[in-house]
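I opened my notebook to look at one protein model. I wanted to go from single residues to the whole chain.

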Amino acid sequence: MVTDKPAYKELMEYLASSLGTFELKEAPLYDDKTVEMLVEQEITTQVITLCSQHEELETNHRSIIVREIDSIVYDMHQVLLTYWERPVTQTQALFIVEFTGLIKNVFDSAVADLLD
């Protein structure tokens with residue numbers, strides 16, 4: 001649905017090219033929230049929003065989306081492995097929110113094509 005599309009590859013390249021954001025030496029934004037936790041939280045928020053906006057999605061489509069999200073989180077983990085368990089900073093949090101929004105945009109396009 002998404003992970004085999006050029007837009008997804010471009011997103012992963014964008015993530016890889018943005019590693020400098022994760023190398024910055026800043027104070028953690030939260031004492032107890034890691035990059036992993038924020039990625040999972042933001043991805044979950046985006047999937048809930050996606051499914052809410054597209055109520056006409058069938059159960060099998062939602063299942064495909066969940067499988068794709070699992071794959072995306074895995075890919076993000078691989079790219080961000082060095083930083084995955086570190087406390088998230090303000091700059092990283094802003095990037096993660098933006099990046100997960102871009103992921104949702106790719107899904108929005110795929111869902112629109114699916115439902116046409």
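**Entry 1: a cut-off to start with.** I call a residue buried when its relative accessible area is under 20%, exposed when it is over 50%, and partly exposed in between. I also note that this model is predicted.

**Entry 2: Q46.** Is Q46 buried or exposed? I looked up its relative accessibility and found 16%. The cut-off for buried is under 20%, so Q46 counts as buried. I located Q46 in helix 3, which covers residues 35-53. Then I asked which residues Q46 touches, leaving out those up to four places away in sequence. The list is T100, G101 and K104.

**Entry 3: K104 and its partner.** K104 came up again when I looked for salt bridges. K104 pairs with D108, and the closest N and O atoms are 2.7 Å apart. A salt bridge needs a distance within 4 Å, so this pair passes. Where do D108 and K104 sit? Both are in helix 5, residues 90-115. They are 4 residues apart there, so about one helical turn separates them. I checked burial too: D108 and K104 are both buried.

**Entry 4: the other salt bridges.** How many salt bridges are there by this rule? I get 3. I reminded myself of the general idea: side chains of opposite charge can pair when their charged atoms come close.

K9 and E13 form one of them, with 3.4 Å from N to O. These two lie in helix 1, residues 6-17. They are 4 residues apart, so the separation is about one helical turn. K9 has 54% relative accessibility, so K9 counts as exposed. E13 has 43%, so E13 counts as partly exposed.

K5 and D4 form another, and their closest N and O atoms are 3.8 Å apart. K5 is partly exposed, at 41% relative accessibility. D4 is exposed, with a relative accessible area of 56%.

**Entry 5: L114.** I went back to helix 5, where L114 has its place. Its relative accessibility is 36%, so L114 counts as partly exposed. What does L114 contact, apart from neighbours within four places in sequence? I found M1, L57 and H61. I then looked at L57 in more detail. L114 and L57 are 57 residues apart in sequence. In space, their C-alpha atoms are 9.2 Å apart.

**Entry 6: the whole chain.** How many helices and strands does the protein chain have? I counted 5 helices and 0 strands. Along the sequence the pattern reads α-α-α-α-α. The radius of gyration is 15 Å, close to the 13 Å that the globule rule gives for 116 residues, so the chain is as compact as a globular protein of that length. The C-alpha trace spans about 45 × 25 × 20 Å along its principal axes.

Buried residues make up 41% of the 116 residues. For contacts, I took residues at least 6 apart in sequence. Of these contacts, 88% join residues at least 24 apart.

**Entry 7: surface and charge.** The accessible surface comes to about 6,500 Å². Carbon and sulfur atoms hold 53% of that surface. Last, I looked at charges. The chain has 8 positive and 21 negative charges. Their mean positions are 2 Å apart.

Technical notes. Residues are numbered from 1 along each chain as its sequence is written. This is a predicted model: local features need pLDDT of at least 70, side-chain atom pairs count only at pLDDT 80 or more; totals for chains, interfaces and linings use all residues. Side-chain values use heavy atoms; hydrogens and water are left out. A salt bridge is a side-chain nitrogen of Lys or Arg within 4 Å of a carboxyl oxygen of Asp or Glu. Buried means under 20% relative accessible area, exposed over 50%, partly exposed in between (1.4 Å probe, protein chains only). The radius of gyration is taken over C-alpha atoms; the globule rule is 2.2 Å times the number of residues to the power 0.38. Contact means heavy atoms within 4.5 Å. Accessible areas come from the Shrake-Rupley method with a 1.4 Å probe; for residues, only the protein chains shown count as cover. Lys and Arg count as positive and Asp and Glu as negative; His and the chain ends are not counted. The place of a charge is taken as NZ of Lys, CZ of Arg, CG of Asp or CD of Glu.
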